[in-house]
Amino acid sequence: MRVGVMSDSHGNTMAVDRAIELAGEVDCWLHAGDLIEDAEYLAMVTDKKVINVAGNCDWPSSGTDDEVLAEIGSHKIFLTHGHIYGVKRDISLLRQAAVSKGADIAVYGHTHVAVIDDGEDCLVINPGSVSHPRDGKAQSFMVLNIEGDRVKVEHFHL
């Protein structure tokens, strides 16, 4: 199973389109917030299931959840934008929340900086920003390749 992961698209549908093209065939997408309309666009143009959450630019009145626990294959994925968990300081609160909910994968955004942290208790990833990266690198997103218990992360730059 291939799961596309993006965050912080901030209305840049051209970047979303490029990510779709580079990702190739995926089974579903995760969108970690900022902007909900982009997640809706992603679902419309790919005709794939999109699991998404609200980011700090989407709330308080978006009506979309701040976090979701999704079961994909044999994995539980905790999806959140991250602003509620102080991810600009560190990811310890996010990791703790994910593990307490039984997740073995946590996905977040907000920092616009890509992260792959394969800790003992939980794989934590941030796909970076598909629109406005803040790490001096090109716009990015990720794809999770899930085969049973194994998860391989591919990191793409636009």
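I'll start with glutamate 25, which is exposed, at 56% relative accessible area. Keep in mind that this is a predicted model.

The side chain of glutamate 25 forms a salt bridge with that of lysine 48, at 2.8 Å from N to O. These two residues come from distant parts of the chain, 23 residues apart: glutamate 25 sits in the loop between H1 and E2, and lysine 48 in the loop between H2 and E3. Lysine 48 is partly exposed, with a relative accessibility of 26%.

How many salt bridges does the structure hold? There are six. I'll take two others.

Glutamate 154 and arginine 2 meet through their side chains, with an N to O distance of 2.8 Å. This pair spans 152 residues, from arginine 2 in strand E1 to glutamate 154 in strand E10. Glutamate 154 has a relative accessible area of 24%, so it counts as partly exposed. Arginine 2 is partly exposed as well, at 21%.

Next, aspartate 117 and arginine 95 form a salt bridge whose closest N and O atoms are 2.8 Å apart. Aspartate 117 belongs to strand E7, residues 114-118, and arginine 95 to helix H3, residues 92-100; they are 22 residues apart. Is arginine 95 buried or exposed? Arginine 95 is buried, because its relative accessibility is 14% and the cut-off for buried is under 20%. Aspartate 117, at 28%, is partly exposed. Both residues also belong to a salt-bridge network that includes Asp121.

Now the sheet. Five strands make up an open sheet with mixed pairing, ordered E3-E2-E1-E9-E10. E3, residues 49-52, and E10, residues 150-157, each have a single partner strand, so one side of each lacks a neighbour in the sheet. On average, neighbouring strands are turned by 20° against each other, ignoring direction.

Inside the sheet, E1, residues 2-6, runs antiparallel to E9, and four bridges join them. Glycine 4 is opposite valine 143 of E9. Helix H1, residues 13-23, packs on the sheet and touches E1, E2, E9 and E10, with its direction at about 35° to that of E9. Helix H2, residues 36-46, also packs on the sheet, touching E1, E2 and E3, and makes about 165° with the direction of E3.

Last, serine 131. It lies in the loop between strands E8 and E9. Serine 131 is buried, at 7% relative accessibility. Its side chain makes a polar contact of 3.1 Å with that of histidine 132. Leaving out residues up to four places away in sequence, serine 131 touches Asp8, Ser9, His10, Asn12 and Gln139.

Terms used. Residues are numbered from 1 along each chain as its sequence is written. This is a predicted model: local features need pLDDT of at least 70, side-chain atom pairs count only at pLDDT 80 or more; totals for chains, interfaces and linings use all residues. Side-chain values use heavy atoms; hydrogens and water are left out. Buried means under 20% relative accessible area, exposed over 50%, partly exposed in between (1.4 Å probe, protein chains only). A polar contact is a pair of N or O atoms within 3.5 Å; within protein, one must be able to donate a hydrogen and the other to accept it, and residues adjacent in sequence count only if both atoms are side-chain atoms. Contact means heavy atoms within 4.5 Å. Two strands pair if DSSP finds at least two bridges between them. Axes are lines fitted to C-alpha atoms, for helices over the stretch in contact, and angles run from 0 to 180 degrees between N-to-C directions. A salt bridge is a side-chain nitrogen of Lys or Arg within 4 Å of a carboxyl oxygen of Asp or Glu.
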